[in-house]
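This report describes selected helices, their packing and a ligand site. Please keep the sequence and the structure in view while reading.

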Amino acid sequence: MITMYDAINSKYTYKGTDVLKNKLGIKDEELLKEYETRMVAFKIATISTQTLKMDYTPERLKFIHKYLFEDIFYFAGEYRQENITKGNFRFSEFEYIEDNIKQIFSKINIEEMKKMPFKDFIIRLSYIMTELNVLHPFREGNGRTIRELIREICFDCGYVIDWYEINHDDILKASIKAVFDETEQIKMLRRSVKKIV
Ligand SMILES: Nc1ncnc2c1ncn2[C@@H]1O[C@H](COP(=O)(O)OP(=O)(O)OP(=O)(O)O)[C@@H](O)[C@H]1O
Ligand SMILES: [Mg+2]
């Protein structure tokens, strides 16, 4: 969770609250979460049946974020402009997002990844996931955006992953641990990524 102190001082929240300013005009956190979850789930269901004809550049991640969140947040498709923490973890300084994200995307090379043995493919996938999470380019909605990108990389390399088959808490725990040790996340990916037959 973003601490109340951080969120209250955020330019993205309604004054004196930790509720993110939103296009729905909802000022109740629970209610916003409920609407957001449902609306985004619908968008994820739609985007995941399509094949994006876009190169793997940071623009692609922005596009996914915009698509998923444009009905809810004004910052959809745009990098965050303030620093954020969750639990005890402070994500990358926002000033470095632009540079760091290019570095991460340089590791997404579909032709190279297609040829990798499964074991190495999974290690690379986990690396991309962790690096993007630590960078946390958006103010909100990073997990879902990153998971959709990972799904697309898998698909373009001849694999499928259905994130809804995995318990959300398990994904969360694995990705939090992955900041220090990717073992659990790698195991989770190894179990869940399947070759397209
Ligand atoms: N303490 C933490 N340390 C490192 N990463 C964390 C921590 N807590 C959460 N995360 C990561 O942040 C993601 C959530 O970020 P954010 O809220 O921006 O995305 P989301 O799409 O709304 O959430 P979710 O991934 O739960 O669906 C989690 O999936 C996890 O990867
Ligand atoms: Mg969230």
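The model is predicted.

## Helix 6

Helix 6 covers residues 118-135, and its end C-alpha atoms are 26 Å apart. His136 comes after helix 6 and has a positive phi, near 45°.

The buried residues of helix 6 are Phe121, Ile122, Leu125, Ser126, Ile128, Met129, Thr130, Leu132, Asn133 and Leu135. They pack against five helices: helix 4 (97-105), helix 5 (110-115), helix 7 (142-156), helix 8 (168-178) and helix 9 (183-192).

## Helix 4 against helix 6

The axes of helix 4 and helix 6 cross at roughly 175° and come within 10 Å. The two helices are therefore roughly antiparallel to each other, since angles over 145 degrees are classed that way.

On the helix 4 side, the contact involves Ile97, Asn100, Ile101 and Ile104; on the helix 6 side, Ile128, Glu131, Leu132 and Leu135. By class, these residues divide into six nonpolar, one polar and one charged.

## Helix 2 against helix 3

Helix 2 (residues 29-47) packs on helix 3 (residues 58-69) at an angle of about 130°, and their axes are 8 Å apart. This pair is therefore oblique.

Helix 2 contributes Val40, Lys43, Ile44 and Ile47 to the contact, and helix 3 contributes Ile64, Tyr67, Leu68 and Phe69. The contact has seven nonpolar residues, no polar ones and one charged.

## The shell around ligand 1

There are 13 residues around ligand 1, and Gly87, Phe89, Asn142, Gly143 and Ser175 come nearest. Helix 7 and helix 8 each supply at least two residues of this shell. The shell is made up of four nonpolar, six polar and three charged residues.

## Ala174

Which helix holds Ala174? Ala174 lies in helix 8. Ala174 counts as buried because 22 C-beta neighbours lie inside 10 Å, and the cut-off is 20 or more.

Leaving aside residues up to four places away in sequence, Ala174 touches Glu184, Gln185 and Met188. Ala174 and Arg38 are 136 residues apart along the chain, and their C-alpha atoms are separated by 24 Å.

Key
Residues numbered from 1 in each chain as written. Chains lettered and ligands numbered in written order. Predicted model: local features only at pLDDT ≥ 70, side-chain atom pairs only at ≥ 80, totals over all residues. Helix = DSSP H or I, 4+ residues; strand = E, 2+ residues; numbered from the N terminus. Expected span 1.5 Å × (residues − 1). Buried ≥ 20, exposed ≤ 12 C-beta atoms within 10 Å, placed from the backbone. Contact = placed C-beta atoms within 7 Å. Near = placed C-beta within 6 Å. Nonpolar A, V, L, I, M, F, W, Y, C, P; charged D, E, K, R; others polar. Axes fitted to C-alpha atoms, helices over the stretch in contact; angles between N-to-C directions. Parallel < 35°, antiparallel > 145°, perpendicular 65-115°, else oblique.
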